[in-house]
Amino acid sequence: MTDLAAPERLAKIAAMRAAGVDPYPARGIDAAPIAELAAGAGTAEAPGPKIGSQVAVAGRVGVLRDFGKLVFAPLADRSGKIQIGLQRDKLAAWWEHRKWLDAGDHLGVRGELGFTKKGELTVWATEVVILSKTVAPPPEKWHGLADQELRYRRRYVDLWANEGVAAVFAKRSRVLSLVRRFLEARGFLEVETPTLHPIAGGATARPFVTHHNALDADLYLRIAPELYLKRLIVGGLERVFEVSRNFRNEGISVRHNPEFTMLELYQAQADYRHMMELTETLFEHLARELSGGTVVEFRGKTYDLKAPFARLRYADLFQRHVGCDLHDRDAVRAKAREKGLEVPSADDDAAYWRLMNDVFESAVEHELGGPVFITDYPTPICPLAKQNPADPRFAERFEVYVGGMELANAFSELNDPAEQERRFVEQVASQDPEAPGEVDVDYVQALEYGMPPAGGLGIGIDRLCMVLTNQDSIRDVLLFPTLRQHKTRATAAETVADAGAAAG
RNA sequence: GGGCGCAUAGCUCAGUCGGUAGAGCAACUGACUUUUAAUCAGUAGGUCCCAGGUUCGAUCCCUGGUGCGCUCACCA
């Protein structure tokens, strides 16, 4: 046990055992979802159990309001909450055991559905069973679990102690479900590709490294599923998607978690224009399904996710917000210095384009409300995208922004093996710590077998859920966000460890 | 990683212009058959995050550390 366990509750467990009552019985009880009772109550529209009928409910009990010969308490399950009423007269033999009950216990209650004098729907108990005795006291009843860190560390408490938390995750689940149905209806096949990659490709990010003992080889946790999914397009699957947990060894912020979920999809015979249409259609669909309308509120502002979204060209935005052409290297460097960005002394192309994009991001991104497509990125910052046939300086790529946050990234996929190889070699040579360490030769070979023209799209599911559920931090849409390691004091574990040390 | 802020009872917080501390809730005891954060009476509960420094004296001031939050950078 840990120091969370309250002595008075442990004493109750001992008392129950002494009385021959199991505080952790093996079987639950067959109970109705509480919402059915609460909403139904035998009316014509909602044919739940009638007032006066016998019902059974099971759930976590809240604060006990004890009147001596009468106890009221709320009982909550996943579906809702109802009041239970325990009366001495109806629980004669059991009545003395009411002292075993504590806030937070799991109870099964059988009784008659009725009302109190104040008109509160109540299950008047004729039988009460402790289904699981809680030794850790629940959070304070007024404030709930307020400590941010504890909310994340003890999400299992946060979920029932704080209103609305479970609903956010139910919505998230629904987003994934809707996305799957949406894509399946359009002929996409859900696939699963490796999480362990010999080369960390498909994005620029620092990977996590791990080691396979039998192969005696280092492997990387994937930073993106992209290159595998495109191999499947080569393989003729034509329309594939994956809900991919990606891992990036980077900082943590309100928008970043080291592991995050991305939807990636690829569609043969499509290009980035199709991806735009698909994106805005999907976003509108999700908004409508989740909230009934297309307008969502996020961080105190509203955004209309009704398609079509505005389309703004990268070069135009650059000109407008930075004030010079993105190819004018001297002017861009001057702007970078103005903004206090670190201007690299090296004069190579890779460094210039990184700088140019930094300038763009610092000048443009937070100016964007959205939803908006930023389109036609400069080719040098798009190693996996196809060039625009009319102007090869730009790639057929777009990103979607809502509330200053990048939600999606898509392009017409580069399928020329020679050009792809050239860009890989360039990346590897760039010395960028976030670039892959070696050329993915197998991927180039895949392209040599021929990939049809295809559009690809990646959507940050966590961020999308932030927008759709109006949560400011990515941590609030992740059940268990990554936190610094933290040793919980486990008194029993210490005892075991001490015993082991003593024995050894 | 940089900057800013916070750390006091189980929880949420107040407080001490430097003299080792308080409220509400929770717990415990008692009363109460109609509460909705029940009420009433009482009891108990503190390494004031840790270490060092200044001081007659530090929870308070200073330095360092730890943890957390916010923010910047990077990205999705």
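Biologist: How many salt bridges does the structure hold?

Modeller: The predicted model has 30 of them. One joins the side chains of Asp105 and Lys133, at 2.6 Å from N to O.

Biologist: Where do Asp105 and Lys133 sit?

Modeller: Asp105 is in the loop between strand E4 (81-87) and strand E5 (106-115), and Lys133 is in the loop between strand E6 (121-132) and helix H3 (148-153), so the pair ties together parts that are 28 residues apart in sequence.

Biologist: Buried or exposed, Asp105 and Lys133?

Modeller: Both Asp105 and Lys133 are buried. They also belong to a network of salt bridges that includes Lys12 and Asp102.

Biologist: OK, next pair. Which residue does Arg174 meet in a salt bridge?

Modeller: Glu289, with 3.2 Å from N to O. That links distant parts of the chain: Arg174 is in helix H5 (residues 165-185) and Glu289 in helix H7 (residues 272-291), 115 residues apart.

Biologist: And what's the relative accessible area of Arg174?

Modeller: Arg174 has 31%, so it counts as partly exposed. Glu289 is partly exposed too, with a relative accessible area of 38%.

Biologist: What about Arg222, which partner does it have?

Modeller: Arg222 and Glu242 form a salt bridge through their side chains, 3.0 Å from N to O. Arg222 is in the loop between strand E10 (217-221) and helix H6 (226-234), while Glu242 is in strand E11 (residues 239-247), 20 residues apart. Arg222 and Glu242 are both buried.

Biologist: You mentioned H6. How many of its residues are buried?

Modeller: Seven of the nine residues of H6 are buried, so the rest of the structure largely encloses this helix. The buried ones are Glu226, Leu227, Tyr228, Leu229, Lys230, Arg231 and Ile233.

Biologist: Switching to the inside. How many residues has the largest nonpolar core?

Modeller: That core has 45 residues, and Leu183, Leu265, Phe398, Leu457, Ile459 and Leu468 have the most contacts inside it. Elements that each supply at least two residues include H5, H7, H13 and strand E12 (259-268). H7 gives the largest share, nine residues.

Biologist: What does Leu468 touch?

Modeller: Leaving out residues up to four places away in sequence, Leu468 touches Lys171, Val175, Leu286, Ala287, Leu290, Val296 and Leu305. Another core lies apart from the largest one; it has 43 residues, among them Ile233, Met356, Val359 and Val372.

Biologist: Now the surface. Which residues make the nonpolar patch of about 350 Å²?

Modeller: Tyr156, Leu479 and Phe480 make that surface patch. Leu479 is in the loop between helix H13 (461-469) and helix H14 (491-503). Leu479 is partly exposed, with a relative accessible area of 37%.

Biologist: Last topic, strands. What's the order in the open sheet of three strands?

Modeller: The order is E8-E10-E9, and the pairing is antiparallel.

Biologist: Which strands stand at the edges?

Modeller: Strand E8 (196-197) and strand E9 (209-212) do, each with a single partner strand, so one side of each has no neighbour in the sheet.

Biologist: How many bridges join E9 to E10?

Modeller: Four bridges join E9 to E10. Val209, for one, has Tyr220 in E10 as its bridge partner.

Note on methods. Residues are numbered from 1 along each chain as its sequence is written. Chains are lettered from A and ligands numbered from 1 in the order in which they are written. This is a predicted model: local features need pLDDT of at least 70, side-chain atom pairs count only at pLDDT 80 or more; totals for chains, interfaces and linings use all residues. Side-chain values use heavy atoms; hydrogens and water are left out. A salt bridge is a side-chain nitrogen of Lys or Arg within 4 Å of a carboxyl oxygen of Asp or Glu. Buried means under 20% relative accessible area, exposed over 50%, partly exposed in between (1.4 Å probe, protein chains only). Patches are made of residues with over 30% relative accessible area and no salt bridge: like charges are joined within 9 Å, nonpolar side chains (Val, Leu, Ile, Met, Phe, Trp, Tyr) within 5 Å. Accessible areas come from the Shrake-Rupley method with a 1.4 Å probe; for residues, only the protein chains shown count as cover. A nonpolar core is a set of buried Ala, Val, Leu, Ile, Met, Phe, Trp, Tyr and Cys residues joined through side-chain atoms within 4.5 Å. Contact means heavy atoms within 4.5 Å. Two strands pair if DSSP finds at least two bridges between them.
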